[in-house]
Amino acid sequence: MTPAEHTETKRELIIKEASRMMYERGTGLGVDTLVSEIGVAKMTLYKHFPTKTDLIVACLQHLDDCHRARLSGQIDWSSSPRERLLSVFDSLREWFATPSFRGCAFVNATVELADTSPPVRNAVREHKTAMRAWVVKLVEECELPNTNFVASQIAQLMEGATTTALLERDPAAADIAQATALQVLDKAKESVVSLPSL
């Protein structure tokens, strides 16, 4: 079966629609609202997701897939490692400019639920860990020293840009973060040049 021939299952439909609704309106949406707007029976929802927490975790995993696909899908993999890394901020800018942008779904879930829901907290942690590992890989390709430290700087710029874009409703937060990331990379490159030869 090709991807084009794939028929969406009830479970996939619930996850896709619930993810959109919770991202737009928060995880506090009631089950009655979810089943009514998704168009499935409550029994069908509970068949696939015995608890609302199970549904929220599945939605976060779906949003994790979507977010990583959005970022990596915009990268020109034939460009230089440095250009690839910086283009992540172009992807963020495009996302920030969409009418549906509501900030980071994982930060939102943390604020709303994580203190009282270990499964949600774990899903958020898994996403952030995976994103950090992805950034580390991009930085490693730039062949810079202190890879983990530089990757932490880049990851924090991405996080900060996302929050700023939400609060200020301005996609230009990605441009500022990108300019700062360029300075971070230049500084790291200078330290490579200044290393004494053995």
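Glu159 and Lys128 form a salt bridge in which the closest N and O atoms are 2.7 Å apart; the term denotes a side-chain nitrogen of Lys or Arg within 4 Å of a carboxyl oxygen of Asp or Glu. Glu159 belongs to helix H8 (residues 147–168) and Lys128 to helix H7 (residues 118–140), so the pair ties together parts that are 31 residues apart in sequence. Helices here are DSSP runs of type H or I with at least four residues, numbered from the N terminus, as are strands (E, at least two residues).

Both side chains fall into an intermediate class of accessibility. Glu159 is partly exposed at 31% relative accessibility, and Lys128 is partly exposed at 24%. Buried means under 20% relative accessible area, exposed means over 50%, and partly exposed lies in between, with a 1.4 Å probe and protein chains only.

## Basis of the model

The model is predicted: local features need pLDDT of at least 70 and side-chain atom pairs count only at pLDDT 80 or more, while totals for chains, interfaces and linings use all residues. Residues are numbered from 1 along each chain as its sequence is written, and side-chain values use heavy atoms, with hydrogens and water left out.

## Salt bridges involving helix H1

The structure holds 10 salt bridges. One of them joins the side chains of Glu37 and Arg25, at 2.6 Å from N to O. Because Glu37 lies in helix H2 (residues 31–38) and Arg25 in helix H1, this pair ties together parts that are 12 residues apart in sequence. Glu37 is partly exposed, with a relative accessible area of 43%, and Arg25 is likewise partly exposed, at 45% relative accessibility.

Within helix H1 (residues 10–25), Glu17 and Arg20 are three residues apart and are therefore separated by about one helical turn. Their side chains meet in a salt bridge of 2.8 Å, N to O. Arg20 is partly exposed, with 37% relative accessibility. A network of salt bridges links Glu17, Arg20 and Glu24.

## Positive phi angles in two loops

Glu143 is not a glycine, yet it has a positive phi of about 55 degrees. This residue is placed in the loop between H7 and H8. With 69% relative accessibility, Glu143 counts as exposed.

Arg169, also not a glycine, has a positive phi of about 50 degrees. Its position is in the loop between H8 and helix H9 (173–193). Arg169 counts as partly exposed, at 49% relative accessibility.
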